[in-house]
Amino acid sequence: MSALLAVEKLTRRFGGLIAVNTVNIDLHRGEVHAVIGTNGAGKSTLINMLSGEIAASEGHITLEGEDITTRAQSRRARDGVGRSYQRTTIFPEFSVHENCRLSAQAASPRPWAIWEASTRCAASNAAADEALAAAGLATDAQRIAGTLSHGAKRQLEVAMCLATRPRVLLLDEPLAGMGAEETERMLALLTQLKSSHAILLVEHDMDAVFRIADRITVMVNGAVIATGDPDAIRNNAEVRTAYLGEDH
Ligand SMILES: Nc1ncnc2c1ncn2[C@@H]1O[C@H](COP(=O)(O)OP(=O)(O)OP(=O)(O)O)[C@@H](O)[C@H]1O
């Protein structure tokens, strides 16, 4: 099966530092592909290159066979590469629905419709409704986003990403700061979303990663040291030494 998003020899230098070093990674629809590694391993830099926030120094990114390595972030978002961030990026004073609608509008601007009240833009409203339903937030649509619990705010971020109708979801620590119940809800959401998306998950919660990931890539000092299913990674001697510790 060919990859939805394929990354070949991707490299990023910051001056003399090689933050990401000739990384290969394939994302497939139907799979949660987790990227794990200690602080500073290069996980966020990798996501930032995939979303187009920072340029690659070398290497290639292809989306369904098309080279998108030098495409701007806005174009990649329109092409179906969606991302969420480590930090919360919602507009707290707007409603949950408005946050999703704005996200949908930003991803597919309709400059010819400038005379149309943005709140009436049917396509964006429909995308927001669908995203909220998929993320399990339909009943909170009219709530002010800033009043949501931490877990629900992270769910809203995934919904905002879904409102752009992505094929690929790049999720940067979606479980950060979550309690047990909120974590379960997010994991159920990701399991449901993976049937129709390719998901890249950067996450520090190892229990969650080993439960939900279909494939795990381990990074150390910018380089990939192993890729495999959770069992293969758990039993990989180099991974155990470099990252997981013998007690995992
Ligand atoms: N804009 C930048 N300028 C210079 N160095 C950077 C920049 N961004 C990241 N780095 C460096 O690149 C390396 C990889 O950082 P990165 O944030 O990608 O790691 P990470 O695996 O996401 O870490 P964490 O788990 O702490 O988020 C680090 O040494 C970091 O200091």
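The questions and answers below go through a predicted protein model and the terms used to describe it.

User: How do you know what confidence the predictor has in the protein?
Analyst: By pLDDT, the predictor's confidence in each residue, from 0 to 100. The mean pLDDT is 90. Residues that reach 70 or more make up 92% of the protein. The model scores are ipTM 0.97 and pTM 0.90.

User: Where is confidence lowest, and where is it highest?
Analyst: It is lowest in helix α9 (residues 237–244), with a mean of 82. It is highest in strand β1 (residues 5–14), at 98.

User: What makes a stretch a helix or a strand, and how many are there?
Analyst: Both are DSSP runs, numbered from the N terminus: helices are H or I with at least four residues, strands are E with at least two. The protein has nine helices and ten strands.

User: How does the radius of gyration of the protein compare with that of a compact globule?
Analyst: The rule for a globule is 2.2 Å times the number of residues to the power 0.38, with the radius taken over C-alpha atoms. For 248 residues that puts a compact globule near 18 Å; the protein has 18 Å, so the two agree. The C-alpha trace spans about 60 × 40 × 35 Å along its principal axes.

User: Why is Ile-212 called buried?
Analyst: The test counts other C-beta atoms, placed from the backbone, within 10 Å of the residue's own: 20 or more is buried, 12 or fewer is exposed, and in between is partly exposed. Ile-212 has 21, so it is buried. Its place is helix α7 (residues 206–212). Across the protein, 42% of the 248 residues count as buried.

User: What does Ile-212 touch?
Analyst: A contact needs C-beta atoms, placed from the backbone, within 7 Å. Not counting residues up to four places away in sequence, Ile-212 touches Val-32, Leu-187, Leu-190 and Thr-191.

User: Why does Ala-107 count as buried?
Analyst: It has 20 C-beta neighbours inside 10 Å, so it counts as buried. Ala-107 belongs to helix α3 (residues 96–107). Leaving aside neighbours within four places in sequence, its contacts are Ala-77, Arg-78 and Thr-164.

User: Which residues lie around the ligand, and what makes them count?
Analyst: A residue counts if its C-beta atom, placed from the backbone, lies within 6 Å of the molecule. Those residues are Phe-14, Leu-17, Ala-19, Gly-37, Asn-39, Gly-40, Ala-41, Gly-42, Lys-43, Ser-44 and Thr-45. The largest share, three residues, comes from α1. β2 (17–27) and α1 (43–51) each supply at least two.

User: What is the shell around the ligand like by class?
Analyst: Ala, Val, Leu, Ile, Met, Phe, Trp, Tyr, Cys and Pro count as nonpolar, Asp, Glu, Lys and Arg as charged, and the others, Gly among them, as polar. The shell has four nonpolar, six polar and one charged residues.

User: Is α1 mostly covered or mostly open?
Analyst: Mostly covered: eight of its nine residues are buried. Lys-43 and Thr-45 are among them. Just after α1, Gly-52 takes a positive phi of about 95°.

User: How do the domains divide the protein?
Analyst: The bounds come from an automatic or database domain assignment. It gives domain 1 (1–80 + 166–248) and domain 2 (89–165). Their C-alpha centres lie 25 Å apart. Twelve residues from domain 1 and 13 residues from domain 2 make the contact. On the domain 1 side, α6 gives the most, with four residues.

User: What makes Thr-22 and Asn-221 stand out in phi?
Analyst: Most residues other than glycine have a negative phi. Thr-22, in strand β2, has a positive phi near 45°. Asn-221, in the loop between β9 (215–220) and β10 (223–228), has a positive phi of about 50°.

User: Why are Thr-22 and Asn-221 called partly exposed?
Analyst: Thr-22 has 14 C-beta neighbours inside 10 Å, so it counts as partly exposed. Asn-221 has 15, so it too counts as partly exposed.

Conventions
Residues are numbered from 1 along each chain as its sequence is written. This is a predicted model: local features need pLDDT of at least 70, side-chain atom pairs count only at pLDDT 80 or more; totals for chains, interfaces and linings use all residues. Two residues are in contact if their C-beta atoms, placed from the backbone, lie within 7 Å.
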